[in-house]
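Here is a brief report on one structure. Please look it over with the sequence alongside.

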Amino acid sequence: MCLLLATALAATTLGACTKDKDHRTLRVLASPELADVEPLLKGLEDDTGVELKLDYKATADLSGPLGSYDLAWPASDRSYLLRLQERGERAARPESTAIMRSPVVVGLTPAVADRLRRGVPGGRLSWADIADAAADGTLRFGMADPRRSDTGRAALVGVATAAAGTGGALRTQDVSCDRLRGFRSGQTLTGASSRELIDGYVRRQSAADALIAHESELLTLNAAGKLKQPLEIVHPEDGMVLSDFPLMLLDGGEHEAYREVVDWLRRDDVQKKLMERTWRRPVGQDVPRPAKLRAEIGNALSYPDQPAVVQRLMENYGAPGNGRAAAGDHVVFLLDFSTSMRGRRMADLRAAFADLSGADPTAAGKFARFYRGERLTVVRFAGRVLQERTVTVRGDGDLRALNSFVGKGKFGDDTAVWSALGRGYDIAADALADRPGHPLSIVLMTDGENNAGLSYGQFGRRHAELGTAARAVPTFPVHFGEADAKALRRVADATGGRVVDANSSSLSQAFKEIRGCR
Amino acid sequence: MPEDRRPPTEEPRLTTRRPARRRHRYPRHVVAAMPLALAGLLALMVSGNTLRPFERVTTIDGKMASKSDYFKDPEVQRLLLKHGIRVDIHRLGSRGIATQSLRGMDVVFPSGQPAAKLITRQQQRSVRTARPFVTPLVLGTFRDYAKTLVAAGVARPQQAPDGGETLYYDLDMKKFLKLIEDQKTWNGIDFDEHTRRGNAGRVLVRTSSVCESNSAGTYLSILAFVKNGNQAPGTERGRHQPAGSGSGPAADPVLDVAQQVKPLINLQGMAADEQADSYFSDEGESIAPVSLIYEHQFLKHQVDHQKKRGKQDSRRVLLYPSPHALTEPELISLGERGDRLTELMESDAALRRRAIELGFRVRFSGEDGTSEQLNAYLREHEVQVPTPNPDQTKVDAPDLNALERIINHVGSCPPAGQDDGE
């Protein structure tokens, strides 16, 4: 029949003859975000005879059994490749073809977007501005869980890369201290996948002012009309992570069908349909775009190639946004108020605290600042402990009180470095008894040598008698003025901390450098 | 492959499963075309056309990297089908091809000589090969970045014939590497003065994985050559050692150079495949300011741009590295079916002619160089002709073993060939 038809009508009917030939079904492990392409796949089946059966699973790195899948279609294959590398597998990476692109961006409610822009010269928002607003409690955002969702993970890596500010890919030393504590404190919504996140937000729009997700998901959400007001999409100034939704061939035996699927998906007319339906950006150059997809996406950030870096990042970040307020760290500052601190040094110290309270306009400062939920203890000491104050940051008032405590403090004679540190560890031990396992660190700032109170040896003996948890609290000495560098290094080494030198920069710089170190 | 299915509780299986030989000897469209061929048979017999309609169409499985551009071209496919050949492309990096199993393949087409040599030396028998064309390794960038590099004294524009904006720049690799080593950011070399948007990212070249791709391996050869004082590492015997230099007889010059070039590559973090694909996409400039590509990809793009839009793509421009490196892809046959293809590539003038139209440099008999016909084709299509770099220093690639050691050191590449034993 087919033959007759073709013979009679020649080329134009050839398509019809191929239709019911060779029907093949491929099973695909797909990111839940890709549910929006499903309606187009009928066309694929009609044109090529290949049927894709999509199984949607939120998995950041395609972990779990893949044996029964012919193809995988994640938002990105980066985490998968890192996992291959970590396991030392042969570099037999599957054939993989980018199908669409979408950057990870921030969607803000219009009012919050306006407010944030007003605070930024030039009005171009960065991840640092988002982190700053999250830390001071004026921005609550939702983001998918980086441990389970590739979108969440891309977002986390993007923010952390911006926080490190090196212009290159994250390295081990960039994540050894957690620069995202303030950013994290603003997360109020999460989800196993970004679909779950967005569904949660649609149900409870008052729970957040911003969503971090793919541009495509936010444009789709806006277009669906389920929001009281559409989110304003911001492509952060300091860079983004781009997803390219690669279709990967897991079963080499299905190579031929795979090629047909890929060729079909990358056809200009299909790319156009994909774009119109999903708001992802076409990979080819010849598909005219609507205005919303012509916005510049900014510069792509380098993605780390060390699995341990991403792992550390995720361990640090944990899983905020589950309805409970993210628990902040506790930092005990031991500040030298001996008379030698008078004048310029004290001005430097006050400036450092003001900077950490939100005055620092630099990107590093915005990431490093004090944040809502953080617990701060300041101990002033000279020849003995002079005075101490603990606040849990709930609002600007708490930070003002802390700054005035530092700013108006009186000086004393002598320098009892080790007595002060002993007091620091007592505070730590009490705090850990109240909240076991809570992250806590000690910052010891001094500008002179110990000449009063406990000797280092006496301190050491007292320290050895502490419980395991308190003993494990690291001390980060800030070397200033004429402090005893050797002794400070000794205590840092003994407790797992690190010395920073404020003489070569400033106290503000030194404090920033050890923020988030534990 | 039901026997290949594993119980869902088992360890995640990470490698790709081996392609089973179960392709269709007669692809659907060929089967479908047969009746048509039948219809045309009479006409063919009358016209005396040599095309034999009942000849079997052979599907040739080939692993290839960027040179799949050639076999993906519809005109090449048409020419091959006239000879009863259809090529099924398995896309993979060139070095990846060399280090993985070739079972089930008829040909492989690595993009350069290092990978080609790795493959041919593993073959048990002498193999038929064809080297139909060459193409230089280049850096694809964008106008504002090129201008920034010119202002930094690192690049020099080539003269455009009509005095307009040039598509090509010569890049002083030694100075360029200095920028990377000095940890310069694009804004740090005043990129923000050449555009309304800045870029706080480091100056770097985006490459595909050094463990898997020919382009990245060849780029490593350039870096190693430059860092080694314009000499291929491993050939230092006659070189003057500065008096009192610390390198004793035990020093390993190859490893030494590898250590120097490693940070220049690893700075980019995770490497990304398909550099050209992202470079030519609308998001290209956001994805990477400088991408490692091949000249043929750029020239093909410019010719297409002229044809479609009546002008050159003046936003995308090329940096020709100096010293430069030429790549020579090699089509390697692994059996009888493959032999047919390599023979055709050697003998068929139309296939070679088409290579020029796809931006490759092809040597024809009677020509001194490989560029004359390509240049003529570019002129004909109103695309600026690149001029050879006045500094003709060509990178001497390290010998294969030295290059392999550099690649393995820089990329911490997994050992090769394990999946052959399955």
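How many bridges join strand E3 (residues 71-73) of chain A to E11(A), and do the two run parallel or antiparallel? There are 2 bridges, and the strands run antiparallel. The model is predicted.

## Strand E11 of chain A

E11(A) also pairs with strand E4 (residues 96-98) of chain A. That pairing is antiparallel too, over 3 bridges. A:Met248 takes part on both sides. It is the bridge partner of A:Ala72 and also of A:Ser96.

E11 spans residues 246-249 of chain A. A:Pro246 and A:Met248 point one way from the strand, while A:Leu247 and A:Leu249 point the other way. All four of these residues are buried. In a regular strand, side chains alternate between the two faces of the sheet.

## Chain A overall

Chain A contains 22 helices and 18 strands. Its C-alpha atoms fill a box of roughly 110 × 50 × 40 Å along the principal axes. Of its 518 residues, 53% are buried. Among contacts in chain A with a separation of 6 or more, 75% link residues 24 or more positions apart.

## The largest nonpolar core

The largest nonpolar core has 247 residues. Which members touch the most others? They are A:Leu211, A:Leu334 and B:Leu220. Nonpolar side chains tend to be buried together in soluble globular proteins.

Take A:Leu211. Beyond its neighbours within four places in sequence, A:Leu211 contacts residues including A:Gly107, A:Phe141, A:Leu197 and A:Tyr201. A:Ile198, A:Leu218 and A:Leu231 are also among its contacts.

## A helix pair in chain B

Helix H7 (residues 173-181) and helix H8 (residues 214-227) of chain B pack at about 95 degrees. Their axes are 10 Å apart. H7(B) and H8(B) are therefore roughly perpendicular to each other.

B:Met173, B:Lys174 and B:Leu177 come from H7(B). They meet B:Ile222, B:Leu223 and B:Val226 of H8(B). The contact residues comprise 5 nonpolar, no polar and 1 charged.

## Backbone points to check

Two loop residues other than glycine have positive phi. A:Trp279 has phi near 65 degrees. A:Trp279 sits between helix H13 (268-278) and strand E12 (281-282) of chain A. Is A:Trp279 buried or exposed? A:Trp279 counts as buried because it has 23 C-beta neighbours inside 10 Å.

B:Gln183 has phi near 60 degrees and lies in the loop between H7 and H8 of chain B. With 14 other C-beta atoms within 10 Å, B:Gln183 is partly exposed.

The peptide bond from B:Ser322 to B:Pro323 is cis, with omega near 5 degrees. B:Pro323 is in the loop between strand E9 (316-322) and strand E10 (326-327) of chain B.

Terms used:
Residues numbered from 1 in each chain as written. Chains lettered and ligands numbered in written order. Predicted model: local features only at pLDDT ≥ 70, side-chain atom pairs only at ≥ 80, totals over all residues. Core = buried A, V, L, I, M, F, W, Y, C linked by C-beta atoms within 7 Å. Buried ≥ 20, exposed ≤ 12 C-beta atoms within 10 Å, placed from the backbone. Contact = placed C-beta atoms within 7 Å. Helix = DSSP H or I, 4+ residues; strand = E, 2+ residues; numbered from the N terminus. Pairing = 2+ DSSP bridges. Axes fitted to C-alpha atoms, helices over the stretch in contact; angles between N-to-C directions. Parallel < 35°, antiparallel > 145°, perpendicular 65-115°, else oblique. Nonpolar A, V, L, I, M, F, W, Y, C, P; charged D, E, K, R; others polar.
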